[in-house]
Amino acid sequence: KFPFCRCNMALLNSPWRMKLVSIEDNYYDWMSGVAGQKVCFSAFVDPVAAGLCDDSRSSCCRTNFGKFQLEADSICLHAIQDVYVNNVYTAAVSLDESRKSIKFTNLNFSYTQGMTTDISICFTLQNSSPCPNLQRLCNGG
């Protein structure tokens with residue numbers, strides 16, 4: 001069952017949250033030459049959820065942020081281009097075909113960082129791919 005991790009991701013068992021920050025259609029990255037839809041999320045520790053998280057019930061209350069995972073079909077992996085985490089390029093994107101998900105890995109942000117600042121995760125969905133927008137990506141292509 002999604003998400004595929006050891007932590008029980010129920011709202012009171014993990015204070016980490018993700019929010020969709022922006023979607024920019026007709027985006028063009030001049031450095032890579034990739035055109036498409038630019039999607040940005042942010043990850044952060046919700047202070048209210050952190051205060052309600054019960055360490056005795058969940059080992060995830062103070063866990064670090066190591067990956068971001070989206071359910072998606074395998075045809076969508078190569079749609080994701082130009083991944084930036086806090087404005088730094090990364091190639092740490094992989095496909096888990098057995099679970100039909102795309103993982104952004106090696107994020108390595110501490111709980112403390114999540115409490116003090118939002119972590120920005122942006123990528124471009126290439127126009128010429130089978131998954132040129134977030135709706136197609138998240139609906140399994």
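The following legends describe several views of one predicted protein model.

**View 1. The whole chain of the predicted model.** Residues are numbered from 1 along each chain as its sequence is written. In this predicted model, local features need pLDDT of at least 70, side-chain atom pairs count only at pLDDT 80 or more, and totals for chains, interfaces and linings use all residues, while side-chain values use heavy atoms, with hydrogens and water left out. The protein contains 3 helices and 8 strands; helices (H or I, at least four residues) and strands (E, at least two) are DSSP runs, numbered from the N terminus. Read from the N terminus, the order of elements is β-β-α-β-β-β-β-β-α-β-α. The C-alpha trace spans about 50 × 30 × 20 Å along its principal axes.

**View 2. The surface and the contacts of the protein.** Buried residues account for 40% of the 141 residues, where buried means under 20% relative accessible area, exposed over 50%, and partly exposed in between (1.4 Å probe, protein chains only). Of the contacts between residues at least 6 apart in sequence, 71% join residues at least 24 apart; a contact means heavy atoms within 4.5 Å.

**View 3. The open sheet of 5 strands.** The strands follow the order β1-β2-β8-β4-β5, and their pairing is antiparallel; two strands pair if DSSP finds at least two bridges between them. The edges are β1 (16-29) and β5 (88-90), each with a single partner strand, so one side of each has no neighbour in the sheet. Neighbouring strands of this sheet are turned by 25° against each other on average, direction ignored; the axes are lines fitted to C-alpha atoms, for helices over the stretch in contact, and angles run from 0 to 180 degrees between N-to-C directions. Within the sheet, 4 bridges link β4 and β8 in the antiparallel sense. Gln81 has Thr124 in β8 as its bridge partner.

**View 4. The open sheet of 3 strands.** The order here is β3-β7-β6, with antiparallel pairing. Because β3 and β6 stand at the edges with a single partner strand each, one side of each is left without a neighbour in the sheet. On average, neighbouring strands are turned by 20° against each other, direction ignored. Strand β3 (residues 68-71) is joined to β7 (residues 101-104) by 4 bridges, and Gln69 has Lys103 as its bridge partner.

View 5. Strand β6 (residues 93-96) pairs with β7 over 4 bridges in the antiparallel sense. Ser94 lies opposite Lys103, and Asp96 lies opposite Ser101. The hairpin has 4 residues between its strands, and Lys100 takes a positive phi near 50°.

**View 6. Phe65 in the largest nonpolar core.** This core has 28 residues, of which Phe65, Phe123 and Leu137 touch the most other members. A nonpolar core is a set of buried Ala, Val, Leu, Ile, Met, Phe, Trp, Tyr and Cys residues joined through side-chain atoms within 4.5 Å. At least two core residues come from each of β2 (34-45), β3, β4 (80-85), β7, β8 (119-126) and α3 (134-138). Not counting residues up to four places away in sequence, Phe65 touches several residues, among them Trp16, Met18, Leu107 and Ile121.
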